[in-house]
Amino acid sequence: MVPQEGGRVIEAVVNVVLLFFMAATIFVIVRLRNLFAVVMMGGMYSLMAATIFVVLDAVDVAFTEAAVGAGISTVLMLGALALTKTEEKEGGRPQFLPLAVVAVTGAVLIYGTLDMPHYGDPNGPIHQHVAPTYLKDSIPKTTVPNVVTAVLASYRGYDTLGEVTVIFTAGVGVMVLLGAGRRRRRKDEAG
Amino acid sequence: MSHHFVIRIVAKLLIPFILLFGLYVQFHGDFGPGGGFQAGVIFASAFVLYALIYGVDKARQVLPDDVLRVGIALGVLLFGGTGVASMMLGANYLDYSPFAHDPAHGQHLGIFIVELGVGITVASVMATLFFLFAGRGDLDPSERE
Amino acid sequence: MDGPGLYNYWIVMFLMLAGLYIVVASGNLIKKLVGLNVFQASVFLLYITMGKVDGGTAPIIAEGTTVYSNPLPHVLILTAIVVGVATTALGLALVVRINEAYGSIEEEELEEQEDPS
């Protein structure tokens with residue numbers, strides 16, 4: 001099984017390198033004051049997360065994260081940046097309370113992972129109940145090979161309806177907040 | 001200004017392919033990675049590219065605000081309407097089984113229509129968001145309420 | 001102590017906590033929103049890490065493969081990503097309006113304007 005072993009080693013190396021770069025990106029975001037660079041670093045973080053998603057076999061999620069996180073989200077932030085300031089104020093105060101909060105949260109989270117199954121364990125509880133039936137019944141019941149699409153649109157269709165409504169609401173909300181003045185300009189152009 | 005020339009020509013060549021790729025991702029979401037959300041975002045990004053090169057006003061002429069407003073609502077209506085249609089055909093809400101001669105193909109058809117609705121709404125909302133953010137800078141400070 | 005199998009989770013949790021630190025500790029509103037995006041992307045990473053199966057492949061049914069990764073976390077995270085961008089867009093619109101109304105996007109300056117005591 002040498003190709004399998006080699007593949008697993010490469011996967012682990014890619015994982016480690018990408019996670020290291022992501023940690024470095026976060027460090028840079030904390031220290032930089034130029035907001036343009038901070039926004040681009042945020043977009044790079046999303047792109048690296050999308051690459052790790054591909055390594056973790058989540059191709060649909062990688063597609064969406066790359067398109068939405070590294071694409072639209074960055075573009076909207078740059079658009080907002082063009083309308084506001086581009087540099088952070090200097091001279092931050094010492095941040096002991098946030099560090100304490102983050103440390104306590106981290107300790108609690110790590111304590112919570114001690115009961116979890118190992119990474120990649122095929123006998124973990126989440127692989128036992130509904131997931132095998134989705135994988136087995138996707139083609140007989142819906143003739144759709146992409147199980148993620150079948151679950152998203154058919155088995156969990158309500159969630160997707162709620163999500164489309166959330167997108168709709170966000171569009172309407174931003175139209176209310178930022179949409180003023182266009183009515184008057186159109187009247188100027190027509191009249 | 002010659003490099004602007006290059007960007008304009010290349011963008012004009014690329015935008016049809018981006019739109020085509022968005023449609024491909026939408027309709028092949030059943031057989032490979034893809035689906036409504038990804039396709040909607042890719043479709044909107046073609047118009048974002050057009051607006052970046054030629055200006056937001058021209059982009060607004062190509063894609064009028066009325067079309068976008070109809071698009072935002074049409075996708076949600078399509079999704080909810082599919083559920084109501086399956087209720088009228090006798091099954092539960094959002095149960096696509098009665099749409100075709102046998103339940104499996106009915107499900108496939110239902111998934112197709114629902115993803116189309118999602119794609120339309122996502123594309124319209126993303127384009128609207130970009131036009132709103134980019135167009136806000138052109139307004140006079142007195143016009144912003 | 002089953003440490004080695006859990007290192008992936010711990011590293012991802014470190015990324016999550018770093019994102020949370022950016023949200024809590026930044027005074028600048030746009031940096032807060034970038035931190036929120038970073039935090040959300042790390043949470044997605046945690047869920048997808050939990051769904052991976054050793055030796056599995058992407059959950060698209062094809063001839064010749066029997067082991068697939070769990071599709072359920074993928075579906076949940078797909079929804080979460082799109083909801084995240086909706087939240088970010090609304091947050092950015094609010095920041096733009098705050099800047100127009102108060103002339104600043106720093107938390108401390110906004111607090112001073114609201115409450116000059």
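Chain A has 8 helices and 0 strands. Along the sequence, the pattern reads α-α-α-α-α-α-α-α. The model is predicted.

**Chain A overall**
- Chain A holds 191 residues, and 37% of them are buried.
- Take the contacts in chain A between residues at least 6 apart in sequence: 45% of these join residues at least 24 apart.

**Helix α3(A)**
- α3(A) runs over residues 59-83.
- With 25 residues at 1.5 Å each, α3(A) should span 36 Å.
- α3(A) has a kink of about 25°. The kink is centred on A:Thr74.
- Of the 25 residues in α3(A), 21 are buried, so the rest of the structure largely encloses this helix.

**Contact between chains A and C**
- Chain A puts 75 residues into the contact, and chain C puts in 68 residues.
- On the chain A side, the elements giving two or more residues are α1 (2-31), α2 (35-55), α3 (59-83), α4 (96-113), α5 (131-142), α6 (147-155) and α7 (157-178).
- α3(A) supplies the largest share of that side, with 14 residues.
- By residue class, the chain A side that touches chain C splits into 49 nonpolar, 17 polar and 9 charged.

**Where the topics meet**
- α3(A) is both largely enclosed by the rest of the structure and the source of the largest share of the chain A side that touches chain C.

Note on methods:
Residues are numbered from 1 along each chain as its sequence is written. Chains are lettered from A and ligands numbered from 1 in the order in which they are written. This is a predicted model: local features need pLDDT of at least 70, side-chain atom pairs count only at pLDDT 80 or more; totals for chains, interfaces and linings use all residues. Two residues are in contact if their C-beta atoms, placed from the backbone, lie within 7 Å. Helices (H or I, at least four residues) and strands (E, at least two) are DSSP runs, numbered from the N terminus. Ala, Val, Leu, Ile, Met, Phe, Trp, Tyr, Cys and Pro count as nonpolar, Asp, Glu, Lys and Arg as charged, and the others, Gly among them, as polar. A residue is buried if 20 or more other C-beta atoms lie within 10 Å of its own, exposed if 12 or fewer, and partly exposed in between; C-beta atoms are placed from the backbone. The expected span of a helix is 1.5 Å times one less than its number of residues. The bend at a residue is the angle between axes fitted to the seven residues ending there and the seven starting there.
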